[in-house]
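Here is a short report for a first look at this structure. Start with the model itself, then read on.

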Amino acid sequence: MAASIFQLTMRSGPTPGKTFPLEKQEILLGRDLANDIAISDPEVSRRHARLLMQEDNVIIEDLGSTNGTFLNGQRIASPQQLRAGDVIILGENIVLVFDRADFDPDATVVSSAGMDQMVQPAPPMPEPSYGVIPPQPQPAAASQPMSAAQTPDAEVEALRSQIKPQKKGMSTWLIILIVALVVIACVIAVTLYFMPASWWCALTFNSLEGCPVP
């Protein structure tokens with residue numbers, strides 16, 4: 001019966017190229033060193049996300065992180081199933097690629113000595129007549145899913161560029177409102193400073209010192 005090996009490969013972050021095998025039922029990712037996969041980056045929360053093994057599948061779940069967990073460029077709000085070649089981004093800087101490899105643990109392993117005895121030299125190819133070289137068969141294209149090492153860097157950068165505009169910041173209308181309030185406060189202060197003494201007496205009902213007694 002075929003079994004599966006799951007792993008994450010860091011494409012961008014403090015240790016690019018490092019592979020993390022997924023060998024537990026629950027794997028925690030975050031900045032805290034107590035996590036199964038500890039990632040030292042200010043964009044990563046102390047407990048950022050987790051991976052759950054469910055039968056022959058791997059589920060990723062965000063743990064309420066500040067900067068979010070993104071799967072193939074989309075921020076996840078609920079648990080999502082991972083597939084081979086999926087790109088996981090934590091915050092803006094950490095890029096991980098999920099890989100899955102299937103193998104047969106019952107397959108017979110042949111020793112190198114036995115292999116040497118089994119391999120026989122290939123018979124010489126017959127020489128083509130009339131000097132015509134027969135066409136050589138081309139190897140069939142592999143149909144296996146793209147692994148982490150084969151994932152194009154341009155695709156990863158494109159996914160990261162989709163995330164940056166989603167980061168929240170101060171909106172334009174809020175900045176305009178703050179500037180308007182500051183301007184109004186300055187105008188009121190200047191007006192009160194240059195207001196004639198008679199206006200001050202009228203506003204305070206002649207209660208200030210120097211105002212005429214009614």
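## A serine in a loop

Ser45 sits in the loop between strand 4 (37–38) and strand 5 (49–54). The model is a predicted one. With a relative accessible area of 12%, Ser45 is buried, because buried means under 20%.

What does Ser45 touch, leaving out residues up to four places away in sequence? Its partners are Gly30, Arg31, Ser65 and Thr66.

## The chain as a whole

The chain holds 4 helices and 11 strands. It has 214 residues, and buried ones make up 27% of them. Its accessible surface is about 15200 Å². Carbon and sulfur atoms account for 61% of that surface.

Contacts also reach along the sequence. Among contacts with a separation of 6 or more, 46% come from residues 24 or more positions apart.

## Salt bridges between loops

Side chains of opposite charge can pair when their charged atoms come close. The whole structure has 5 salt bridges. One of them joins the side chains of Lys24 and Asp36, at 2.7 Å from N to O. This pair links distant parts of the chain, 12 residues apart. Lys24 is in the loop between strand 2 (19–21) and strand 3 (26–30). Asp36 is in the loop between strand 3 and strand 4. Both partners are partly exposed: Lys24 has a relative accessible area of 44%, and Asp36 has 35%.

Asp32 and Arg46 form another salt bridge, with their closest N and O atoms 2.8 Å apart. Asp32 lies in the loop between strand 3 and strand 4, and Arg46 in the loop between strand 4 and strand 5, so the pair ties together parts 14 residues apart in sequence. Asp32 is partly exposed at 24% relative accessibility. Arg46 is exposed at 52%, because the cut-off for exposed is over 50%.

## A network on the strands

Arg50 forms a salt bridge with Glu61. The closest N and O atoms are 2.9 Å apart. Arg50 belongs to strand 5 and Glu61 to strand 6 (residues 57–62), and the two are 11 residues apart. Arg50 is partly exposed, with a relative accessible area of 22%.

## A nonpolar patch

Ile175, Val179, Val183 and Val187 make a nonpolar patch on the surface. Together they have about 330 Å² of accessible area. Val183 is part of helix 3 (residues 172–193). Its relative accessible area is 47%, so Val183 counts as partly exposed.

Terms used:
Residues numbered from 1 in each chain as written. Predicted model: local features only at pLDDT ≥ 70, side-chain atom pairs only at ≥ 80, totals over all residues. Heavy atoms only, no water. Patch = residues over 30% accessible without salt bridge, like charges linked within 9 Å, V, L, I, M, F, W, Y side chains within 5 Å. Areas by Shrake-Rupley, 256 points an atom, 1.4 Å probe, with all protein chains shown as cover. Salt bridge = Lys/Arg side-chain N within 4 Å of Asp/Glu carboxyl O. Buried < 20%, exposed > 50% of the residue type's maximum accessible area, 1.4 Å probe, protein only. Contact = heavy atoms within 4.5 Å.
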